[in-house]
Amino acid sequence: MLGTYEVQICAVLDALRAPGKVLVDLGGADGVFGVGLVEVGAFDRSIIFEMLEMLRQSLVELVQARGLTDKVTVLGEASHDFVGHIEAQGVAPRDCVVLCDIEGAEFDLFDDATLATLQGANIIIELHDFLLTDPARRETAIADLKRVAERYFEVIEIKDGLRDIRDIPLLRNFSDWDSWLLCVEGRHRMMSWLWLRPKGSPALSPAAIDTLVIDYQRRIFIGD
């Protein structure tokens with residue numbers, strides 16, 4: 001509600017928003033991104049993949065309630081042929097912004113063949129290496145994924161933590177304790193994401209990513 005949830009990813013998605021782009025939401029859950037970003041006009045349409053039937057039904061009901069049935073497609077689990085399902089919707093991978101939050105399955109899904117078919121897309125992957133049950137694989141999972149992705153993309157790792165709450169009007173009269181508690185995401189560790197950008201994209205330093213995130217927060221909180 002305050003606009004601080006996954007603010008790093010919100011900033012990147014805001015930078016990538018474009019009328020001609022399609023958001024592909026892997027692990028659509030409650031539709032905050034897959035439905036919300038179409039409703040506000042950040043993307044023309046979206047294709048949502050969600051493995052749980054109960055959540056898929058909720059997403060369909062949400063899409064219908066928002067009057068977006070012609071703009072949002074809800075599909076089942078994203079398997080290795082999910083790019084084929086995207087193309088079956090008349091969408092080319094180069095026109096996609098892919099957002100992935102699938103609780104550790106990202107390390108199986110994004111293999112060499114899948115990443116090769118997605119060249120030209122922007123891909124944002126939430127990393128859940130800590131959920132892998134094999135300790136040896138857990139130790140190298142992120143490095144292995146980066147190594148494969150770098151064959152086809154410019155790869156940036158984005159880390160959680162940059163929350164600038166100074167300009168949120170609702171918090172101005174709250175105590176320091178309550179202000180920060182209202183912005184906690186309840187995670188048991190600091191998260192990170194990989195942003196895979198098309199080959200040849202301009203270089204972005206960690207400082208440039210931080211600036212992107214901070215500038216986004218300033219704009220949305222003070223209405224610039």
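This is a predicted model: local features need pLDDT of at least 70, side-chain atom pairs count only at pLDDT 80 or more; totals for chains, interfaces and linings use all residues.
Seven strands build an open sheet with mixed pairing, and their order is β3-β2-β1-β4-β5-β7-β6. At the two edges lie β3 (72-75) and β6 (153-159), each of which pairs on one side only. From one strand to the next, the twist averages 15°.

Helices pack against this sheet. Helix α1, made of residues 7-16, lies across β1 (18-26), β2, β4 (96-100), β5 (122-126), β6 and β7 (192-198). Its direction is at about 170° to that of β5. Helix α7 (residues 135-149) also packs on the sheet, where it touches β5, β6 and β7. The direction of α7 makes about 150° with that of β6.

The buried residues of α1 are Val7, Gln8, Ile9, Cys10, Ala11, Val12, Leu13 and Leu16. For Cys10, the relative accessibility is 17%, and this residue therefore counts as buried, given that the limit is under 20%.

A disulfide is a covalent bond between the sulfur atoms of two cysteines. The count for this model comes to zero disulfides. The closest cysteine sulfur to that of Cys10 is in Cys183, at 13 Å, which is too far for a bond, since a disulfide calls for sulfur atoms within 2.5 Å. Cys183 is itself buried, with a relative accessible area of 3%.

A pair of aromatic rings is described by the distance of the centres and the angle of the planes. The model holds two aromatic pairs. In one of them, the ring centres of Phe49 and Phe82 are 5.9 Å apart and the planes stand at 80°, so the arrangement is edge-to-face. This pair links distant parts of the chain, as Phe49 is in strand β2 and Phe82 is in helix α4 (residues 82-88), 33 residues apart. Phe49 is buried, with a relative accessible area of 2%, and Phe82 counts as buried at 0% relative accessibility.

Phe82 and Phe110 form another edge-to-face pair, with 6.4 Å from centre to centre and 80° between the planes. Phe110 sits in the loop between α5 (106-109) and α6 (112-117) while Phe82 lies in helix α4, so the pair ties together parts that are 28 residues apart in sequence. Phe110 is buried too, at 2% relative accessibility. Taken together, the ring pairs link Phe49, Phe82 and Phe110 into a cluster.

One further ring contact involves a charged residue. Arg197 lies over the face of Trp195, at 5.2 Å from the ring centre.

Terms used: Residues are numbered from 1 along each chain as its sequence is written. Side-chain values use heavy atoms; hydrogens and water are left out. Two strands pair if DSSP finds at least two bridges between them. Helices (H or I, at least four residues) and strands (E, at least two) are DSSP runs, numbered from the N terminus. Axes are lines fitted to C-alpha atoms, for helices over the stretch in contact, and angles run from 0 to 180 degrees between N-to-C directions. Contact means heavy atoms within 4.5 Å. Buried means under 20% relative accessible area, exposed over 50%, partly exposed in between (1.4 Å probe, protein chains only). Rings of Phe, Tyr and Trp (its six-membered ring) pair if their centres lie within 6.5 Å; planes under 30 degrees apart count as stacked, over 60 as edge-to-face and the rest as tilted. A charge sits over a ring if NZ of Lys or CZ of Arg is within 6 Å of the ring centre and within 35 degrees of the ring normal.
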